[in-house]
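The structure is shown first, and the description follows.

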Amino acid sequence: MQLSTATKTRARELGWSEETIARIEASPLKDVTVANIAMMRIPEERVRGFLDLVDRDPERVPNLTFNFIRTRSERGVRAKPSERGLLLKDINIGTYGQVPDHWPYENDTPRGAHPSPDNYAPGSYYIYDKVEVWAEGVDELYEDAIRDRWAPATELDWNEGLAELPAEIEKAVCQLATLYSGHGLVEQKILAKWLEPISYGFHDVKLFLGTQIYDAGHKVEALRKRALANGGGLGQAPLGALYRAWYGALKFTEMITAVDVVYKSYELTLFEAYGDFAKTEVERKLFSLLARDSRRHLEYGKRHLLWYVQHHPRGRENVRFWLGRAEAALSIELRYSHAEREALALLFAGDMERLQAGIERLGKLREKQLHDYIGVLDEVGIDRLPQVSPHLVAIAENPLAV
């Protein structure tokens, strides 16, 4: 085999002797294999070792081409860890940090990699536009989620953290645990449904959504454990009207608007307030941890909504429509889920004899939920107050309104 002039030139630049070059030409190796070895800047002594392998196995070793060295991917990248370790944002450098507005590959080509020209099997993706999924800083939200992970089995003191409660209070706690664990289960299913169609180029978003799916799972786990750990048991199932906006979403952003903006805003305010009326240390810490997760989910929803309205030609109009649908579903759940509002009023009151005080505190919660929700949208430049669902306003004014 006669080596090409280009391959010989590169070999000589690397210091390979004429004797080694002659031995290569006498071997069954192909020019492309030798050229690729030279591209890897293998020193002569190691080339001789490789030629010994060729001599020992002339049927198989010469079939190696090392064509992977010819990829057009950016090489020589050296990511530097930050104070918190090697984060996603630390490796989003050079071409690896360039997220295109439209992802061009239908297969599983990772961002920054060179697609294989010989094996291109299209995948099941159908979301290829950045505007549909992106949020600034989503890589950092993923890192926060990994850092903040917690295990309900060991994070909560199931032995010393629980106390015997009056029967009606225990049942109220268990009723809320039933409702919110049900919401978590549906949240997990909905997010998992939308994870697959997001193309590989937006892996940062896929990684974050994976953490939210996990968060929803341990919300189910932790709340079911609370319902069954103190002599109570599961209560009535959620009404489920809330899920109409989740299941009915035709676009990813519509789903995120319903789950991670409208619902999460209301959920976060409630979970943050739970510490004020928690009856045991388990609930106090449990809802504090759940609130931390919800805060992160809401942050992604806000950031994605901001990106969407800034980059989609009909972003603001679409979001306005989706907010209306999601608010309508939420208001039906709040108005007709008697189990939730009565359980909350009872916990706020502390006992049946002070129920009126509990109803008043529930009204304060609903008012704050609406106020916080409007504030979330204000942060992304959406003035929702003039168009917010009148039913949500009515619930804030009278928590027992139907």
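Two residues are in contact when heavy atoms of theirs lie within 4.5 Å of each other. On that basis, among the contacts between residues at least 6 apart in sequence, 77% join residues at least 24 apart. The model discussed here is predicted.

## Overall form

The protein contains 16 helices and zero strands. Its C-alpha trace spans about 100 × 50 × 35 Å along the principal axes. The radius of gyration is 29 Å, whereas a compact globule of 402 residues would have a value near 21 Å. Of the 402 residues in the protein, 51% are buried.

## The largest cavity

Three cavities of 30 Å³ or more are present in the structure. The largest cavity has a volume of about 130 Å³, and 13 residues line it. Nearest its centre lie Tyr180, Tyr263, Leu330, Leu334 and Glu340. Helices H8 (167-195), H11 (252-273), H13 (315-336) and H15 (355-379) are the elements that each give two or more residues to this lining.

The largest share of the lining of this cavity comes from H11, with four residues. By class, the lining divides into seven nonpolar, two polar and four charged residues.

## Pockets

The lining of the largest pocket comprises seven nonpolar, five polar and three charged residues.

The second largest pocket holds about 150 Å³ of space. Its lining consists of Tyr126, Ile127, Tyr128, Asp129, Glu132, Trp194, Leu250, Lys251 and Phe252. This lining has six nonpolar residues, no polar residues and three charged residues.

## Helix H15

Helix H15, one of the contributors to the lining of the largest cavity, has 25 residues. The distance from its first C-alpha to its last is 36 Å, close to the 36 Å expected at 1.5 Å a residue. Just after H15, Gly381 adopts a positive phi of about 80 degrees.

The buried residues of H15 include Gly358, Ile359, Leu362, Gly363, Leu365, Arg366, Gln369, Leu370, Tyr373, Ile374, Val376 and Leu377. An α-helix has 3.6 residues a turn, so residues three or four places apart point the same way. Among the elements that cover the buried residues of H15 are H11, H12 (281-311), H13, H14 (338-349) and H16 (390-397).

## Arg361

Arg361 is found in helix H15.

Leaving out residues up to four places away in sequence, Arg361 touches Asp276, Phe277 and Phe348. Between the C-alpha atoms of Arg361 and Tyr125 there is a separation of 47 Å, and these two residues are 236 residues apart along the chain.

Asn159 is located in the loop between helix H7 (152-155) and H8. With a relative accessible area of 67%, Asn159 is exposed, since the exposed class covers values over 50%. The C-alpha atoms of Asn159 and Lys251 are 45 Å from each other, and 92 residues separate the two along the chain. Lys251 is also among the residues that line the second largest pocket.

Ala401 belongs to the segment after H16. Is Ala401 buried or exposed? Ala401 counts as buried because its relative accessibility is 17%, and buried means under 20%. Apart from neighbours within four places in sequence, Ala401 is in contact with Arg335, Arg341 and Ala394. The C-alpha atoms of Ala401 and Leu344 are separated by 15 Å, with the two residues 57 residues apart along the chain.

Terms used. Residues are numbered from 1 along each chain as its sequence is written. This is a predicted model: local features need pLDDT of at least 70, side-chain atom pairs count only at pLDDT 80 or more; totals for chains, interfaces and linings use all residues. Side-chain values use heavy atoms; hydrogens and water are left out. On a 1 Å grid over the protein atoms alone, a cavity is a set of points where a 1.4 Å probe fits but cannot get out, and a pocket is an open set with protein on both sides within 12 Å along at least five of seven lines; lining residues have an atom within 4 Å of a point. Grid points are joined across faces, edges and corners, and a volume is the space filled by probe spheres set on the points. Ala, Val, Leu, Ile, Met, Phe, Trp, Tyr, Cys and Pro count as nonpolar, Asp, Glu, Lys and Arg as charged, and the others, Gly among them, as polar. The expected span of a helix is 1.5 Å times one less than its number of residues. Buried means under 20% relative accessible area, exposed over 50%, partly exposed in between (1.4 Å probe, protein chains only). The radius of gyration is taken over C-alpha atoms; the globule rule is 2.2 Å times the number of residues to the power 0.38.
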